[in-house]
Amino acid sequence: MKQKRLRIILFLIVILMGTVLNFAFSIGSPVLAIGVFLAGGIAIYIFKNRQEGIVEDERIYQISQKASNVTLRIVTLCLAIGGVVLISMKDLYPGYTYLGLFMTYASCWVILLYSLFYIYYNREFGG
C-alpha cells in the first residue's frame, strides 16, 4: 500500500472514530466508546503494517528526538506554570486548587521520569 492511499485510509478511520465516539458520548455509552477506540487503534495498526516502502534513517530519528524533546519541555513548563497560577488564585477560585496541585505534581513526575530515563540511557550507551 502506497503512502498516499494509507493517509486517506487513516484519515477516514479517524473521521469514523470521531463520529462514533461523539455519538457514544452523546448517548452516554462508555462501552461503545471504548470499543470504537480499541477497534480504531487495531485498524490503524493493521493498515500501517501493510505499508510498503517505509524508509527511515538517522535524520528522521534525529528530527523525532528533537520534536519530542521540545514537546516535553513545553508541556512540562505549561503544566508547572498553569499549576502555580491556579494554586495562587485559591482565594478567588478555591475549586481549582486541586487541579493546580495535580498539574504541579504531574510536572514534577515528568521531570523525575525524564531524569531517570536520561540517567539510564546515558549509562546504557556509554555517556
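Helix α4 spans residues 97-124, and its 28 residues reach 40 Å from the first C-alpha to the last. That span is close to the 40 Å expected at 1.5 Å a residue. The model is a predicted one. Just after α4, Gly-126 takes a positive phi of about 65 degrees.

The buried residues of α4 are Thr-97, Gly-100, Met-103, Thr-104, Ala-106 and Ser-107. These buried residues pack against α3. An α-helix has 3.6 residues a turn, so residues three or four places apart point the same way.

On the α3 side, Thr-76 lies in the helix formed by residues 58-88. Thr-76 is buried, with a relative accessible area of 11%. Leaving aside residues up to four places away in sequence, Thr-76 touches Ser-107, Val-110 and Ile-111. Ser-107 is also one of the buried residues of α4.

How many disulfides does a search of the whole structure find? The search finds 0. Cys-78 is in no disulfide, and the nearest cysteine sulfur, that of Cys-108, is 15 Å away. A disulfide is a covalent bond between the sulfur atoms of two cysteines. Seen from Cys-108, the closest cysteine sulfur is in Cys-78, and at 15 Å the separation is too far for a bond; the cut-off for a disulfide is a pair of sulfur atoms within 2.5 Å. Cys-78 counts as partly exposed, and Cys-108 also counts as partly exposed.

The accessibility values given for individual residues are listed below.

| Residue | Relative accessibility | Class |
|---|---|---|
| Thr-76 | 11% | buried |
| Cys-78 | 48% | partly exposed |
| Cys-108 | 48% | partly exposed |

Two packed helices are described by the angle between their axes and the distance between the axes. Helix α1 (residues 3-27) and helix α2 (residues 30-49) pack at an angle of about 175 degrees, and their axes are 9 Å apart. An angle over 145 degrees counts as roughly antiparallel, and α1 and α2 are therefore roughly antiparallel to each other.

Which residues of α1 and α2 meet? On the α1 side they include Leu-6, Ile-9, Leu-10, Ile-13, Val-14 and Met-17, with Phe-23, Phe-25 and Ile-27 also among them. On the α2 side they include Leu-32, Val-36, Phe-37, Ile-44 and Phe-47, as well as Gly-40, Gly-41 and Lys-48. The residues of this contact between α1 and α2 divide into 19 nonpolar, 2 polar and 1 charged.

How values were computed:
Residues are numbered from 1 along each chain as its sequence is written. This is a predicted model: local features need pLDDT of at least 70, side-chain atom pairs count only at pLDDT 80 or more; totals for chains, interfaces and linings use all residues. Side-chain values use heavy atoms; hydrogens and water are left out. Buried means under 20% relative accessible area, exposed over 50%, partly exposed in between (1.4 Å probe, protein chains only). Axes are lines fitted to C-alpha atoms, for helices over the stretch in contact, and angles run from 0 to 180 degrees between N-to-C directions. Helices (H or I, at least four residues) and strands (E, at least two) are DSSP runs, numbered from the N terminus. Angles under 35 degrees count as roughly parallel, over 145 as roughly antiparallel, 65 to 115 as roughly perpendicular and the rest as oblique. Contact means heavy atoms within 4.5 Å. Ala, Val, Leu, Ile, Met, Phe, Trp, Tyr, Cys and Pro count as nonpolar, Asp, Glu, Lys and Arg as charged, and the others, Gly among them, as polar. The expected span of a helix is 1.5 Å times one less than its number of residues.
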